[in-house]
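Work through the exercises below with the coordinates open. Each task is followed by a solution in steps.

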Amino acid sequence: MTETNVPTSLLNHVRANFQPVRPLASPLRRTVALVPLAILLFFGPPEYYHWRENLAQLPAWVSWGMSALESLGGCALTGLALRQAVPGMTARPRRILLALAAGLLLFTCVSLSTANVLPTPLHNPNAWARLAWECVIDELLFAIPSLAISAWLVARALPMRPSLTGAAYGLGVGLMTDAGLRLFCWIDDPLHVFAGHGGAILIGTVGGALIATLIERAKHRRLRRLRDSDIFSSA
Amino acid sequence: MTEHQSAQILDQLMREYQSGSLAAFEALYRALAPRVDGFIRARVRDDARASDLLQETFLELHRSRRTYLPGHSVIGWTFGIAQNVLLRHRREARRRDEHEVSADLSELEEQFTPRTADFEWQPLQDALDRLSPDSRTTWWMRNIEGLSFEAIAVRLGIAAAAVRLRCSRATRALRAALEKGSDHD
């Protein structure tokens, strides 16, 4: 039987970049580690801005319950992204797309059920665009640092489909942030919620996909440069 | 040896590799490279490209060694990485094809407005000088003299697959050097 030996250039590269590493924690443990972030995003926006004025008028299952459900959904999506980034644990693209659709459906259900229980139309319908924009900004202020943390956690592994993985954690972070924001924003008019809150979630999803793709491209370019540099050094 | 025992040995090797054993890496390479090679060759016909991808898979494996979760399947993890590398390769090939179509169009344009005199040869010359002599000769024969891989193989006394590999690597290295040069400008 012939023995396969490691090519010299590969062995040289490995030898030059060889230090012990600590294995990543399992995706489940890393998802659990996201719970403090979810709690921060849950209580952060209403504590930082203020609690919604009509919070007492909402039944607990609509205010706290729906927010908790949305936050859990966001956590699960981020967990899926973390799992997706580990080689050998990758789910089929169709499943990720289904999970993304489920996340959007969750947001729609939460928003519509709140609007149904306590309809709060805009006092000044002409100001809907300005108010929606304010909510986008308020949500992004909390979402961007969380997006950066998720991107870092995923970038430490190796996502096979970076755009889908990024979209999953982007949507996850968007949902977690919205769970807190809906405890601050007292407007439940669907037009406002879908344009403002939904807009921020959409920005998070697209942003996540873009960030993950760019990070993986940069990582790959570095790997290529490393491999191609071997040809210069080898005789 | 049963499959379970073999999986346990690979898991043990992987743990040793993660804790800094070069010998464990070499043993893993010997155990995994033939399987990964078969996996890649079943999907990529070009020999040179397949060898490149095998090396890239192991480079990626080395870089991502922390993502292996002890106790899980080493084979599944390695094939996950190989699949990732293949997928990237396909995406790149698709992008390159699109790029080459536009390059062909620009060649047509050049036929009508010759600009050879404006071409700066110096960066290409510098990049060529940085190649190893073997790679430079092979690249030159293929791209400037226009010889076939087989003809070059006969001239140099090496296998045609090795010529393809050298040419593909040299082209990539040149491209990287030229892109790096233009970034500095």
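**Exercise 1. Contact range and make-up of chain B**

Task: for chain B, find what share of contacts between residues at least 6 apart in sequence join residues at least 24 apart. Then describe the chain's secondary structure, burial and surface.

Solution. The model is predicted.
- Step 1: take the contacts in chain B between residues at least 6 apart in sequence; 59% of them join residues at least 24 apart.
- Step 2: count elements. Chain B holds 8 helices and 0 strands. Its pattern along the sequence reads α-α-α-α-α-α-α-α.
- Step 3: check burial. Of the 185 residues in chain B, 39% are buried.
- Step 4: take the surface. The accessible surface of chain B is about 10400 Å². Carbon and sulfur atoms account for 52% of that surface.

**Exercise 2. Aromatic rings**

Task: count the aromatic pairs over all chains, then classify the pair A:Tyr48 and A:Tyr49.

Solution. 
- Step 1: search the whole structure. This gives 15 aromatic pairs.
- Step 2: take A:Tyr48 and A:Tyr49. Their centres are 5.0 Å apart, with 75° between the planes. Planes over 60 degrees apart count as edge-to-face, so this pair is edge-to-face.
- Step 3: check exposure. A:Tyr48 has a relative accessible area of 59%, so this residue is exposed.
- Step 4: look for a cluster. A:Phe42, A:Phe43, A:Trp51 and A:Trp64 form one.
- Step 5: look for charges over rings. B:Arg43 sits over the face of B:Phe39, 3.9 Å from the ring centre.

**Exercise 3. A loop proline**

Task: is A:Pro119 buried or exposed?

Solution. 
- Step 1: A:Pro119 is in the chain A loop between helix H5 (93-117) and helix H6 (128-155).
- Step 2: apply the cut-off. Exposed means over 50%. A:Pro119 has 56% relative accessibility, so A:Pro119 is exposed.
- Step 3: relate A:Pro119 to A:Ser67. They are 52 residues apart in sequence and 17 Å apart in space, C-alpha to C-alpha.

Definitions and conventions. Residues numbered from 1 in each chain as written. Chains lettered and ligands numbered in written order. Predicted model: local features only at pLDDT ≥ 70, side-chain atom pairs only at ≥ 80, totals over all residues. Heavy atoms only, no water. Phe/Tyr/Trp six-rings, centres within 6.5 Å; stacked < 30°, edge-to-face > 60°. Buried < 20%, exposed > 50% of the residue type's maximum accessible area, 1.4 Å probe, protein only. Lys NZ or Arg CZ within 6 Å of the ring centre and 35° of its normal. Helix = DSSP H or I, 4+ residues; strand = E, 2+ residues; numbered from the N terminus. Contact = heavy atoms within 4.5 Å. Areas by Shrake-Rupley, 256 points an atom, 1.4 Å probe, with all protein chains shown as cover.
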